[in-house]
Amino acid sequence: MAQELKKYIRKELLSFGAYSSPVASDAQAEEAGVSLNKIIKIDQNENLYGPSPRVSRALAKYKTFNIYPDAEQTAFRKQISEYTGVSPDGIVGANGSNQLLDIITRLFVGEGDGVINFAPTFDIYRFSTQICGGELIEIQRDEKFAVDVKAIRKAVDKKTKLIFLANPNAPTGNLTPQKDIVEILDLGLPTCIDEAYYEFSGLTVVPLMKKYPNLMIVRTFSKWAGLAGLRIGYGLFPTDIAELIHRIKIPYNINVAALAAVQESMEDLAYLMERVKTIVAERDRLYAGLKKTSWLRPYPSKANFILCKLLKGSAADLQEQLQKKGILVRYFAKPRLENCIRLSIGRTEHTDIILNTLRKIGDTW
Ligand SMILES: *Cc1c(COP(=O)(O)O)cnc(C)c1O
C-alpha cells in the first residue's frame, strides 16, 4: 500500500483480525483430487438437503429483478410475525443474521465501550465490536462450556454496553439454561441472544421479550431453511429498538431473491421442519457413534453440528486427512478448541461414511 495513503486509514484497523472462513469447497475438492459432487461438506453447518424445492421454482419464474425490494420489508415482517408471534414493528430483516449482529453493535458500541461474550463462541461478536472501536470482554465458559453467570457481574462496569450470547452456542453446541439467561437479563444491559440454531434446539427466549425490554433475539434462514447462500436473517426487538435498527441499517439490505425464498420457505414449513427432524435424529446417531470411538469425545449438542475432542493425535492433522478423503470439517486454531474438530450434520447417508472414515484414520495412528 502506498505509504501516503496508510496514514489516512484508521490505525486500529491496520492490524484488524479478519473473520476466518474455510477455503471454498471447489478449491478444497481440487486439492484433494475428489470431484465436487463427492465432497461431504460438513464445515459450515449448512443444510445439505438444500432449500425447499419451491425456492428454485419461484426464483426461476421471478421477473422483476430490475426493481428495488420493498424498503419497509412489509411482507417479510408479516410472515416472520406469524412465525414468531412478535409484532411486525419489532422485526427487522437483514442480509444474513451476521449483518444484524453488526448493526446491533453499531447501535450500542462506540470507541472504548465494552462488549461481553462467552468464550469460546462465534467470532462475529468480536469482529463487529472491534470494527466499532469497542473492547471485547471475553468471559471464559467452564470445562463443559457452561456460562459462568457470577463472573458476568464482576466483569460489568460503566463502559459495558452490550452482551452477546449464542444459544445454542457455536461451535460448542450446548444450551444455556433459561434461569441463567434470566439472571443475565436482570443486569439490565442490552442483551442479544443469537438463536441461529433455534429450529434444531426447539428452545427460544421469545416469551421473555414481554418482561425484558433489554432483550434482542437474532435468527437466520441459513441453517434450518437451507438459504445460507442467499444471506437472510432477522432480529426480534422491542419496537423502539427495532425502529432505530431500521433507521441505521443500509436501505434495501435484503435482496428480492432472498425475500422470495423466505416467502416460499414459510409456505413450505412442514416440509422444512421434517428435514430438521431428520437432521436432529442424525445428530444423535452421529453423537452415539463418536462416543463409541475410543479416541474421540463428542460434546452434547442441541444444534446441527457436533464439536468433538480428540484424545490422541492432532485435530489439525485430522482435518487434513479427512479433507484428502473428501470430507470437509472445521478446525479452530483457538484457545480451548485446539484439540477439537467440528462436524456439521449432513444427510442421513453421510453419517456412516464419516464414522467409518474416522475409525480408519484412528486405526493408523
Ligand atoms: C451460522 C451462524 C449465524 C448465521 O449467520 P448468517 O449471517 O445468518 O448466515 C449466526 N450466528 C451463529 C452463532 C452462527 O453459528
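Y19, F122, Y125 and F164 come together as one aromatic cluster, and that is a friendly place to start a walk through this predicted model.

**Aromatic rings**

F221 and W224 form another tilted pair, with 5.7 Å between the ring centres and 35 degrees between the planes. Are these two residues buried or exposed? Both F221 and W224 are buried.

Rings also meet charges here. R126 lies over the face of F16, at 5.5 Å from the ring centre. In a second case, the charged end of R342 sits over the ring of F305, 5.5 Å from its centre.

**Salt bridges**

How many salt bridges does the structure hold? The count is 19, and the table shows three of them.

| Salt bridge | N to O distance | Relative accessible area of each partner |
|---|---|---|
| E12 and R10 | 3.0 Å | E12 36%, R10 38% |
| K161 and D113 | 2.9 Å | K161 29%, D113 12% |
| K179 and D180 | 3.3 Å | K179 61%, D180 12% |

In the bridge between E12 and R10, E12 is partly exposed and R10 is partly exposed too.

The side chains of K179 and D180 also meet in a salt bridge. K179 is exposed, with 61% relative accessible area, whereas D180 counts as buried at 12%.

Next, consider the bridge of K161 with D113, where the closest N and O atoms are 2.9 Å apart. Which parts of the chain does this pair tie together? K161 lies in strand β5 (residues 160–166), while D113 is in the loop between α6 (97–108) and β3 (114–119), so the bridge links parts that are 48 residues apart in sequence. K161 is partly exposed at 29%, but D113 is buried at 12%.

**Two residues and their surroundings**

T121 is found in the loop between β3 and α7 (124–131). Its relative accessibility is 7%, so T121 counts as buried. What does the side chain of T121 make a polar contact with? The partner is the side chain of N169, at 2.6 Å. Leaving aside neighbours within four places in sequence, T121 is in contact with A166, N169, A170, P171 and K334.

P53 lies in helix α4 (residues 53–61). With a relative accessible area of 36%, P53 is partly exposed. Which residues does P53 touch, not counting those up to four places away in sequence? They are D268 and Y271. As for K325, P53 is 272 residues apart from K325 in sequence, and their C-alpha atoms are 30 Å apart in space.

Definitions and conventions
Residues are numbered from 1 along each chain as its sequence is written. This is a predicted model: local features need pLDDT of at least 70, side-chain atom pairs count only at pLDDT 80 or more; totals for chains, interfaces and linings use all residues. Side-chain values use heavy atoms; hydrogens and water are left out. A salt bridge is a side-chain nitrogen of Lys or Arg within 4 Å of a carboxyl oxygen of Asp or Glu. Buried means under 20% relative accessible area, exposed over 50%, partly exposed in between (1.4 Å probe, protein chains only). Helices (H or I, at least four residues) and strands (E, at least two) are DSSP runs, numbered from the N terminus. Contact means heavy atoms within 4.5 Å. A polar contact is a pair of N or O atoms within 3.5 Å; within protein, one must be able to donate a hydrogen and the other to accept it, and residues adjacent in sequence count only if both atoms are side-chain atoms. Rings of Phe, Tyr and Trp (its six-membered ring) pair if their centres lie within 6.5 Å; planes under 30 degrees apart count as stacked, over 60 as edge-to-face and the rest as tilted. A charge sits over a ring if NZ of Lys or CZ of Arg is within 6 Å of the ring centre and within 35 degrees of the ring normal.
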